[in-house]
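Please look over the sequence and the model before reading on.

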Amino acid sequence: MTAAVHSTRAPRTLPDAPSTPRATHPGSLLGVADLLSGPQSAHGAQTDRIAHILDRAAFLESENPLERAHRLAKRKIALLFYESSTRTRTSFELAAKALGADTTLVSSLSSSIEKGESLKDTGLTLRALGAEAIILRHPNSGAPWLLEEVTGLPVLNAGDGMHEHPSQALLDLLTILACLRPGVTSVSSETLAGVTVTITGDILHSRVARSNMLLLPALGASVRLCGPEPLLPAVASEIGPGIHLERNFDRALVGSQIVMMLRIQAERLAGLQLDLDEYKRDYQLTAERLAAHAPDAHLLHPGPIIRGLELTAEVADGPHSRILDQVRNGVAIRMALVERALTASPASTHASPGGAR
Ligand code: NCD
């Protein structure tokens with residue numbers, strides 16, 4: 001099959017692969033590397049932190065809401081959003097409130113950010129106002145690391161540019177486990193052995209894809225990437241182990257237990273011209289495609305979904321779809337992350353020796 005998308009630009013490379021430094025504060029979650037144990041945790045398994053977060057998410061979700069609301073009563077959390085968001089913002093906010101915390105939302109369109117205030121000054125202002133943790137979404141890759149450094153507060157990365165979205169990868173993992181490993185209460189590097197997850201669409205611009213590509217193979221899954229060259233440069237398979245490219249969507253679907261569809265990120269295309277009819281012909285998930293090539297697969301999508309483009313409405317609402325389960329799981333995972341942010345002690349820092357900044 002020939003490439004289905006015409007580009008007016010030279011092929012691009014992915015943003016730097018993560019030799020990403022780890023968070024300094026043990027309550028922070030800046031990238032998937034923070035979840036995977038470094039040399040200082042040599043006694044534990046690589047996946048211990050992930051197992052602990054999944055465990056707390058399950059516990060907090062099932063806890064009596066009245067008792068749960070005492071856990072972080074009156075603690076202060078700021079949500080700092082420089083990009084629009086529905087699911088991530090709302091679920092972080094509901095998660096923090098479910099634990100009793102007070103939250104405040106600062107968004108770029110209704111704050112002094114609009115007047116040109118820097119991320120540093122905004123972070124210091126929030127800290128002076130009593131914020132004990134900051135949840136940040138920002139269009140620039142790396143912004144959460146800067147914010148953590150200047151404030152010293154735990155920071156949760158709610159999506160930084162084209163880089164990472166670690167809480168989304170965790171809620172995707174929780175959803176995958178519920179589909180394929182029901183009843184499994186702990187995870188290891190073997191938990192997803194034999195599982196193939198196909199991610200299809202605009203992988204180049206997707207922080208969700210990147211975080212999943214780093215997280216899922218650590219649990220044994222094989223990740224198949226699918227999409228046209230302008231949205232999926234061949235170098236993507238070099239991000240880490242367990243990642244393979246298959247540009248033919250029908251072939252990619254065969255043997256996949258999980259199919260994760262991604263939106264074309266129009267706001268980040270920067271002049272790239274796509275022939276949408278060809279794109280739909282080659283990469284749209286339809287009921288016919290699923291029936292022919294992956295009749296038992298579960299469909300994931302981080303949202304927002306664009307019905308009629310990367311998938312049909314029939315598929316979005318159909319029996320394969322786990323999209324709303326992902327949304328629900330987001331609140332549970334984010335309760336665990338918010339609790340971790342405010343209860344992890346800075347003394348037990350897990351920064352790797354070379355990672356301290
Ligand atoms: C994604 C994001 O913002 O990275 N959505 C999300 O957080 N659930 C994906 C997207 O914008 O397409």
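A residue is called buried here if 20 or more other C-beta atoms lie within 10 Å of its own, with C-beta atoms placed from the backbone. By that rule R207, V208, A209, R210, S211, N212, M213, L214 and L215 of α7 are buried. That is nine of the nine residues in the helix, so α7 is mostly covered. The structure is a predicted model.

In the protein as a whole, buried residues make up 44% of the 357 residues. The secondary structure comes to 12 helices and nine strands. Among contacts between residues at least 6 apart in sequence, 77% join residues at least 24 apart.

The residues around the ligand are R87, T88, G159, H165, Q168, R207, V208, R263, Q265, P302 and G303. By type, this shell holds two nonpolar, six polar and three charged residues. Two helices, α3 (87-98) and α7 (207-215), each supply at least two of the shell residues.

Consider what surrounds these two helices. The buried residues of α7 pack against the helix α6 (166-180) and against the strands β4 (155-160), β5 (196-200), β6 (222-226), β7 (243-245) and β8 (258-261). In α3, the buried residues are T88, S91, F92, E93, A95, A96 and A98. Their cover includes α2 (65-68), β1 (76-81), β2 (102-107), β3 (133-138), β4 and α12.

The length of α3 can be checked against its residue count. At 1.5 Å a residue, its 12 residues should span 16 Å, and the end C-alpha atoms are 16 Å apart, which agrees. Just after the helix, G100 takes a positive phi of about 95°.

Next comes the nonpolar interior. In soluble globular proteins, nonpolar side chains tend to be buried together. The largest nonpolar core in this model has 93 residues, and I134 and M335 have the most contacts inside it. Helix α12 (residues 323-343) gives the largest share of this core, eight residues. Because domain 1 (32-164 + 329-348) and domain 2 (166-323) both give residues to this core, it lies between them. Leaving out residues up to four places away in sequence, I134 touches A78, L80, G123, L126, L147, T151, L153 and V155.

Two further residues show how individual positions are placed. L29 lies in the segment before α1. L29 has 26 C-beta neighbours inside 10 Å and therefore counts as buried. Its contacts, apart from residues up to four places away in sequence, are A23, D34, L156, N157, P166, S167 and L337. The C-alpha atoms of L29 and I135 are separated by 9.5 Å, although the two residues are 106 residues apart along the chain.

I50 is found in helix α1 (residues 48-62). Is I50 buried or exposed? I50 counts as buried, because 24 C-beta neighbours lie inside 10 Å. Not counting residues up to four places away in sequence, I50 touches L35 and V187. From C-alpha to C-alpha, I50 and V32 are 9.7 Å apart in space and 18 residues apart in sequence.

Notes: Residues are numbered from 1 along each chain as its sequence is written. This is a predicted model: local features need pLDDT of at least 70, side-chain atom pairs count only at pLDDT 80 or more; totals for chains, interfaces and linings use all residues. A residue is near a molecule or strand if its C-beta atom, placed from the backbone, lies within 6 Å of it. Helices (H or I, at least four residues) and strands (E, at least two) are DSSP runs, numbered from the N terminus. Ala, Val, Leu, Ile, Met, Phe, Trp, Tyr, Cys and Pro count as nonpolar, Asp, Glu, Lys and Arg as charged, and the others, Gly among them, as polar. A residue is buried if 20 or more other C-beta atoms lie within 10 Å of its own, exposed if 12 or fewer, and partly exposed in between; C-beta atoms are placed from the backbone. Two residues are in contact if their C-beta atoms, placed from the backbone, lie within 7 Å. A nonpolar core is a set of buried Ala, Val, Leu, Ile, Met, Phe, Trp, Tyr and Cys residues joined through C-beta atoms within 7 Å. Domain bounds come from an automatic or database domain assignment. The expected span of a helix is 1.5 Å times one less than its number of residues.
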